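Please read it with the model open.

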Amino acid sequence: MDYIIVGLGNPGPEYSKTRHNAGFLTVDYIAKKCGTSIDRLKFKALCGSADIGGKKVLLMKPQTLMNHSGEAVGEAARFYKIPPERIMVIQDDIALPTGKLRIRKTGSDGGHNGIKNIILHLSTQNFIRFKLGVSDRENPNIPLMDWVLGKFTDEEMKLIEAKYENIYKAAEMIIDGKFDLALSRYNG
């Protein structure tokens, strides 16, 4: 394996279309686009392999629940000897409007427990993040946990799905060594 692309989420049908599972939904799209499936249980994750830009890529959906995602990512990175700079994590982000995409090469966890756990298990913040906005809370009194574990509305789902191809194309460019071009073309 040359790269790892991880979609963050929670396993189980009760979480399948929740805002917190934006990463799972996106990595499923990538797998389908690559003609593969994510169905082997390895490294505490459902895994699949794909060829993207002539490189072998491990696609992952950690099965540890969101807050322990780093266990799966760390195990896979150590096994395949993948440096953190070649790990891409697709996450939901409550600080961004629904459907907005932000790409980062490094940074703090931003209050996201899945990212916090990945930083812990990789011992670095230097991995690529695809932050997919999920926050258009009409009522700020809705507890944050209830919001992220709530299901996407049909309109929100369309906004999220509209970014899948951009994330795929940006990942393809990053794998091709064109991070800055991916950033300028797909960020924001």
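In this predicted model, helix H5 meets helix H6 through Asn166, Lys169, Ala170, Met173 and Ile174. On the H6 side, the partners are Phe179, Leu181, Ala182, Arg185 and Tyr186. By class, this contact holds 7 nonpolar, 1 polar and 2 charged residues. H5 covers residues 154–175, and H6 covers residues 179–186. Their axes come within 7 Å and cross at roughly 160°. H5 and H6 are therefore roughly antiparallel to each other. The crossing is right-handed.

**Helix H1 against H5**

H5 also packs with helix H1, residues 22–33. Here the axes come within 9 Å, and the crossing angle is roughly 50°. H1 and H5 are therefore oblique to each other. This crossing is right-handed. H1 supplies Leu25, Thr26, Tyr29, Ile30 and Lys33 to the contact. H5 supplies Met157, Tyr164, Glu165, Ile167 and Tyr168. By class, the contact of H1 with H5 has 7 nonpolar, 1 polar and 2 charged residues.

**Helix H2 against H3**

Helix H2 spans residues 69–80 and packs with H3 at an angle of about 35°. The two axes are 7 Å apart. H2 and H3 cross in a right-handed sense. From H2, the contact takes Ser69, Gly70, Glu71, Val73, Gly74, Ala77 and Arg78. From H3 come Gly114, Asn117, Ile118, His121 and Leu122. What is the class make-up of the contact of H2 with H3? There are 4 nonpolar, 6 polar and 2 charged residues.

| Helix pair | Axis distance | Angle |
|---|---|---|
| H5 and H6 | within 7 Å | roughly 160° |
| H1 and H5 | within 9 Å | roughly 50° |
| H2 and H3 | 7 Å | about 35° |

**Phe79 in H2**

Phe79 lies in helix H2. Which residues does Phe79 contact, leaving aside its neighbours within four places in sequence? They are Lys42 and Phe43. Leu25 is 54 residues from Phe79 along the chain, and their C-alpha atoms are separated by 25 Å. Leu25 itself is one of the H1 residues in the contact with H5.

**The largest pocket**

The largest pocket has a volume of about 470 Å³. It is lined by 25 residues. Which of them are closest to its centre? These are His20, Gly111, His112, Asn113 and Val148.

Methods: Residues numbered from 1 in each chain as written. Predicted model: local features only at pLDDT ≥ 70, side-chain atom pairs only at ≥ 80, totals over all residues. Heavy atoms only, no water. Axes fitted to C-alpha atoms, helices over the stretch in contact; angles between N-to-C directions. Helix = DSSP H or I, 4+ residues; strand = E, 2+ residues; numbered from the N terminus. Parallel < 35°, antiparallel > 145°, perpendicular 65-115°, else oblique. Left-handed = near helix turned anticlockwise from the far one by under 90°. Contact = heavy atoms within 4.5 Å. Nonpolar A, V, L, I, M, F, W, Y, C, P; charged D, E, K, R; others polar. 1 Å grid on protein atoms, 1.4 Å probe; cavity = no way out; pocket = protein on both sides within 12 Å on 5 of 7 lines; lining within 4 Å. Points joined across faces, edges and corners; volume = space filled by probe spheres on them.
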